Number of protein chains: 2
Amino acid sequence: MTKSRAISPAGPPPTFSADLHLELHGPGLRAGLIQALRDAIRTGRLPSGTRLPSSRQLAGDLGMARNTVADAYAELVAEGWLVGRQGSGTRVASRIEPRKARPAAAPARPARRHPRYRLLPGTPDLAEFPRKQWLAAARRALNTAPNDALGYGDALGRLELRTALADYLGRVRGVYTAPERIVICAGFHHGLTLMAQVLKARRVRAMAVESYGLDLHRDLLNNAGLRIPAVHVDERGARTDELSELRGIGAVLLTPAHQYPTGVALSPDRRVAAIDWARQSGGLILEDDYDGEFRYDRQPVGALQGLDPERVVYFGTASKALAPGLRLAWMALPEELIPDVAAAKLHADLLSSALEQLTLAEFIASGAYDHHVRSMRTRYRRRRDQLVATLAQRAPHVRVTGLAAGLQAVLELPRGTERSVVRAAALQGMEVSGITPFRYAGDAPSRLPEQDALVVNYAAPSDSAWSGALEALCNVMPQKVPS
Amino acid sequence: MTKSRAISPAGPPPTFSADLHLELHGPGLRAGLIQALRDAIRTGRLPSGTRLPSSRQLAGDLGMARNTVADAYAELVAEGWLVGRQGSGTRVASRIEPRKARPAAAPARPARRHPRYRLLPGTPDLAEFPRKQWLAAARRALNTAPNDALGYGDALGRLELRTALADYLGRVRGVYTAPERIVICAGFHHGLTLMAQVLKARRVRAMAVESYGLDLHRDLLNNAGLRIPAVHVDERGARTDELSELRGIGAVLLTPAHQYPTGVALSPDRRVAAIDWARQSGGLILEDDYDGEFRYDRQPVGALQGLDPERVVYFGTASKALAPGLRLAWMALPEELIPDVAAAKLHADLLSSALEQLTLAEFIASGAYDHHVRSMRTRYRRRRDQLVATLAQRAPHVRVTGLAAGLQAVLELPRGTERSVVRAAALQGMEVSGITPFRYAGDAPSRLPEQDALVVNYAAPSDSAWSGALEALCNVMPQKVPS
């Protein structure tokens, strides 16, 4: 019996070694033989039941040591590809049906044209990520981390980071907290998911949201089983005086420092009204302080949380001040919530990289975080001023609002032009969003104003892309329509 | 009117500046004044309605510029602490009730004595984490990452890492996949959570699990709403021949390479039986390949997934080969599952740090991962041999099993001694687990054997702690009981 007949009794005699495209030299002989045999079985070239040549014979044909072939056979038997029985030699396992093709790639996602200018809200200027300083912080963190830090770790997050954050948030945002009250999470979305779980378990059935915000967050809350009535947003922020009129709400999600995406700050009386509502109703305020550090005309307004740390859950994130890719955010919790949140987080077992946490701790403690925020604030303020000045000249009928803080501005458009402007921008290779997707009426759709507008993230483009982006933006502004 | 009477009309006149412990020099004057006023209001030292001195007066008393004080007042008004009205000066907001105490620390968790020896299963030797090489990979990753990598990113994970893993898993574990089929997750637990969601949405009601395993995983599946009958584990691994007898199961969770925690490898016929069951029933196999790289007596047995990539979801992790603290794991998916898993992951928005993903990609591509695994395999094999040799001498009646692979061994104990041995170990400062917590009977509790045993993670101690740990382990072994 020749080897080829033994391997493929039904077909024309193949040359075994050539057939397998074996790499016949180098240290990977055994692995190569195993791989080749697996492939031959998988693709059906060696059908079920095929009897293989003896290890001695194949070794001779391939110029390999017999042990190498015997080892390969033994491994493939252990893996279930082959069966070896006393007396009947080694055969391809009878029940393994061949798979025809190589695993196909996932269905290709529609190839999107890479946009030239990205002005969608949500992302800071990633070109300015302080790579060198971050790496230096990573080096210091890795050099000093205890071995324990590399283990499964504390569900609440590394104490080093929680300590650095307690200090930073107190100093910069007026947050009144302690390391034991801070919980690290993998982004705001993760923190909000945890809080929704905790609130549901506490029999909260509804959480008010602002009438402008991210549908992603509304979906999350809806999917968690919460009803989400809306409080209206006007030029002084969310109408927290409406909270006491809403039936059965146990919490409210607010963006006090800089309403998202309209950019207005919550007025002092409404801050107090929110706290009063929480105290009188026993409700909780979820404060999404996503970009509180970026306030241009004066010092940042401190977090609402400072007014009552027992009734406000404060959420902060590294996504705007540094980069979303870090997936690091934090909550400062009322004391009574800590056990519930810790349990929910432990149960979910979704932690953030310990090394990344330690690096951020080091980055904050060294002052690099403050330095980066200051430097970006200057840069973003300059961009904002350029945006306002350029639009004043090129499109003086477009009113620009939401300018005191944050990474984006709202450009109010003539009625009925929002969709066509977004479309015209897309044709110019510019990604920019209208304000409509952010609008949410809850149960009272009739009460919403219908101002057409663009939400323009002037922070996102790199410095080199900025002037082109600004020019392209001016080009798609509608001509003045006499009203 | 003196300043002290204005601030605290009811009490004895305090010296304002001393009272506030203000830092009266340096650049932080304004921030210090704001912080001091917040604290004074929060603690009730400045009660609601208290009228503050004019900014001119306070500035004079404190030796500050009047603008600094006016700015501080304005900020506190914006934040809701103070109210300022024309003609009536600046007062503490009437509705802000004081909070008595500083935020207390979270209820202290029970102070656990730091154990001298940790032999609980699940963690590798963290002292050997290749810090230097990891940092070098992080540097290369950071130096070459595109700016986009720092953004919100691809829900499936960075393509760089998925590409490196597709190559590595094919080469080392016989996994048949492609980058488009790999999904990065934040640990096995996260991946299993995603799969449970996907299976539930596909109307799967039950998933079989092995009769030995982690209760954490069983809890997760139960909480996801899945029924979890058990397949028995014996000395040839899980009895996959039982799968076809179980009613209505749509999936099975297996540890084929190295049953957890008993340490046996799934026998060839049972591998094939599992695949046959999946093909005939349309069910899925979830292959938890948590430590497949650590096989000592021969080359690693390739993943079950290779036998049928369309019916097996392969799970791997960096937790055993590198460190759990990285929170990086991966799944290789059947093609038909990719859209569902992608949607579930996108919805959850729980991504891993992009920098950590890129660093691991770089670490694998540079060969450092292979090198580390090889080096740890040698180290763990030496430990294992020392464990076996030492026990053979000091406790010859203790049978040691599960030795061919992995980070732990099973020490079979005389009947009725498991609990007392675990307790005796704890008294010696040694954390070690009995096998009982891993045992799970599903619906058929009567069929489980009751072998007393310890699960000993010989990989976890550092080299310096190992000989002491081994000695302590020998000291708690029960004396031979004549049976």
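## Cis peptide bonds

In this predicted model, Pro261(A) is placed in the loop between strand 9 (249-254) and helix 10 (268-281) of chain A. The peptide bond that joins Tyr260(A) to Pro261(A) is cis, with omega at about 0°. Chain B also has a cis peptide bond, between Tyr260(B) and Pro261(B), and its omega is about 0°. Pro261(B) is found in the loop between strand 9 (249-254) and helix 10 of chain B.

Most peptide bonds are trans, and most residues other than glycine have a negative phi. The next section turns to backbone angles.

Arg327(A) has a positive phi, near 50°, although the residue is not a glycine. Arg327(A) belongs to the loop between strand 11 and strand 12 of chain A, and its relative accessible area of 4% makes it buried. In chain B, phi of Arg327(B) is likewise positive and near 50°. Arg327(B) sits in the loop between strand 11 and strand 12 of chain B and is buried, with a relative accessible area of 4%.

Ser319(A) is also part of the loop between strand 11 (312-317) and strand 12 (329-332) of chain A. Ser319(A) counts as buried because its relative accessibility is 5%, under the 20% limit. Leaving aside residues up to four places away in sequence, Ser319(A) touches Pro124(A), Pro324(A), Arg327(A) and Leu328(A), as well as Tyr152(B) of the other chain.

## Helix 6 of chain A

Helix 6 of chain A (residues 131-144) consists of 14 residues and spans 20 Å from its first C-alpha to its last, close to the 20 Å expected at 1.5 Å a residue. Its buried residues are Arg131(A), Trp134(A), Leu135(A), Ala137(A), Ala138(A), Ala141(A) and Leu142(A). These lie on the same side of helix 6 of chain A, because they cover an arc of only 160° around the axis. Residues three or four places apart in an α-helix point the same way, because there are 3.6 residues a turn. On the other side of helix 6 of chain A, the exposed residues are Lys132(A), Asn143(A) and Thr144(A).

The buried residues of helix 6 of chain A pack against elements of both chains: helix 12 (354-365) of chain A, and helix 6 (131-144) and helix 12 (354-365) of chain B.

## Interface of chains A and B

The contact involves 93 residues from chain A and 92 residues from chain B. Between them the two chains bury about 8,200 Å², of which 55% is on carbon and sulfur atoms. Across this interface there are 25 residue pairs in polar contact (both at pLDDT 80 or more). The elements that give two or more residues to the side of chain B that touches chain A are helix 3 (29-42), helix 5 (66-79), helix 6, helix 8 (188-201), helix 10 (268-281), helix 11 (338-348) and helix 12 of chain B. Helix 6 of chain B gives the most to that side, with 8 residues.

The interface also has 2 salt bridges. Asp148(A) forms a salt bridge with Arg118(B), and the closest N and O atoms are 3.5 Å apart.

## Salt bridges within the chains

Over all chains, the whole structure has 58 salt bridges. In chain A, the side chains of Arg38(A) and Glu79(A) form one, at 2.9 Å from N to O. This pair links distant parts of the chain, 41 residues apart, with Arg38(A) in helix 3 (residues 29-42) and Glu79(A) in helix 5 (residues 66-79) of chain A. Both Arg38(A) and Glu79(A) are buried.

In chain B, the side chains of Glu310(B) and Arg181(B) meet in a salt bridge at 2.7 Å, N to O. Glu310(B) lies in the loop between strand 10 (284-288) and strand 11 (312-317) of chain B, and Arg181(B) in the loop between helix 7 (159-173) and strand 4 (182-185) of chain B, so the pair ties together parts 129 residues apart in sequence. Glu310(B) and Arg181(B) are both buried.

## Helix 8 of chain B

Helix 8 of chain B has 14 residues and reaches 20 Å from first to last C-alpha, close to the 20 Å expected at 1.5 Å a residue. Helix 8 of chain B is largely enclosed by the rest of the structure, because 10 of its 14 residues are buried. Among them are Phe188(B), His189(B), His190(B) and Met195(B). Just after helix 8 of chain B, Arg203(B) adopts a positive phi of about 70°.

Note on methods: Residues are numbered from 1 along each chain as its sequence is written. Chains are lettered from A and ligands numbered from 1 in the order in which they are written. Side-chain values use heavy atoms; hydrogens and water are left out. Helices (H or I, at least four residues) and strands (E, at least two) are DSSP runs, numbered from the N terminus. The expected span of a helix is 1.5 Å times one less than its number of residues. Buried means under 20% relative accessible area, exposed over 50%, partly exposed in between (1.4 Å probe, protein chains only). The arc is that of the directions from the helix axis to the C-beta atoms. Contact means heavy atoms within 4.5 Å. Buried area is the accessible area (1.4 Å probe) that two parts lose on being put together, summed over both. A salt bridge is a side-chain nitrogen of Lys or Arg within 4 Å of a carboxyl oxygen of Asp or Glu. A polar contact is a pair of N or O atoms within 3.5 Å; within protein, one must be able to donate a hydrogen and the other to accept it, and residues adjacent in sequence count only if both atoms are side-chain atoms.
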